[in-house]
Amino acid sequence: MSNSALESLLHPPEAVVRFIRRLISEYRDYEGPERRAETRSCVVVTVTIQYLDDDYQPLNEPFATMTHNLSGGGIGLVHAEPIPCNSILVHLTLKSGETMNLIASVRHCTQKGDHFQIGARFVVKWDDSARGY
């Protein structure tokens, strides 16, 4: 999938937004000021991510990291190391066990003391059958 095809997805598909809203409803709401189109919620949960190259092929084995917030349009992560690529595959799991894999475009990676805060925007649902994740 080309970068232009991913960038043309201005809003995440409704199925993605519904899944994220269900995940958010399982945790507590963010209480700070809101500047996003989709409401951001403070959700601290372990997720699995994988780095992707510019052709959206995996660069590494999946590994666990933590979220610090979620919205229907993106995710905030906390990690010990900077993200070395422009795109990541994010694997989300509801308490029920239902999962969704999403490609996210890394928007920023900022060092905060001994860790990094990463902001990424969801751009497309990952096709598990095509990629074998």
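Guide: What follows takes the labels one by one, on a predicted model.

Visitor: What makes the pair of Y51 and F63 edge-to-face?

Guide: The ring centres are 5.3 Å apart and the planes stand at 70 degrees. Rings pair if their centres lie within 6.5 Å, and planes over 60 degrees apart count as edge-to-face, so this pair is edge-to-face. A search of the whole structure finds one aromatic pair.

Visitor: Which parts does the pair tie together?

Guide: Y51 belongs to strand β1 (residues 46-52) and F63 to strand β2 (residues 63-71), so the parts tied together are twelve residues apart in sequence.

Visitor: Why is Y51 called buried, and why F63?

Guide: The cut-off for buried is under 20% relative accessible area. Y51 has 11%, so Y51 counts as buried. F63 has 18%, so F63 counts as buried too.

Visitor: What makes S105 buried, and what does its side chain contact?

Guide: S105 has 10% relative accessibility, and under 20% means buried, so the label applies. S105 lies in strand β5 (residues 99-112). Its side chain makes a polar contact with the side chain of R107 at 3.1 Å; the limit for such a pair of N or O atoms is within 3.5 Å.

Visitor: How do you know that C85 is in no disulfide?

Guide: The nearest cysteine sulfur to that of C85 is the one of C109, 9.6 Å away. A disulfide needs sulfur atoms within 2.5 Å, so C85 is in none. C109 is likewise in no disulfide, with the sulfur of C85 as its nearest at 9.6 Å. The structure holds zero disulfides.

Visitor: Why do C85 and C109 carry their accessibility labels?

Guide: C85 has 9% relative accessibility, so C85 is buried. C109 has a relative accessible area of 31%; buried means under 20% and exposed over 50%, so C109 is partly exposed.

Visitor: Which residues have the most contacts inside the largest nonpolar core?

Guide: They are I49, I75, I83 and I88, in a core of 22 residues. The elements giving two or more residues to this core are β1, β2, β3 (74-79), β4 (87-93), β5 and β6 (115-125). Leaving aside neighbours within four places in sequence, I75 is in contact with residues including L70, V90, L92, I118 and F122.

Visitor: What lies apart from this core?

Guide: Another core, of six residues, lies apart from it; L52, L89, V123 and V124 are among them.

How values were computed. Residues numbered from 1 in each chain as written. Predicted model: local features only at pLDDT ≥ 70, side-chain atom pairs only at ≥ 80, totals over all residues. Heavy atoms only, no water. Phe/Tyr/Trp six-rings, centres within 6.5 Å; stacked < 30°, edge-to-face > 60°. Helix = DSSP H or I, 4+ residues; strand = E, 2+ residues; numbered from the N terminus. Buried < 20%, exposed > 50% of the residue type's maximum accessible area, 1.4 Å probe, protein only. Polar contact = N/O pair within 3.5 Å; in protein donor to acceptor, adjacent residues only side chain to side chain. Core = buried A, V, L, I, M, F, W, Y, C linked by side-chain atoms within 4.5 Å. Contact = heavy atoms within 4.5 Å.
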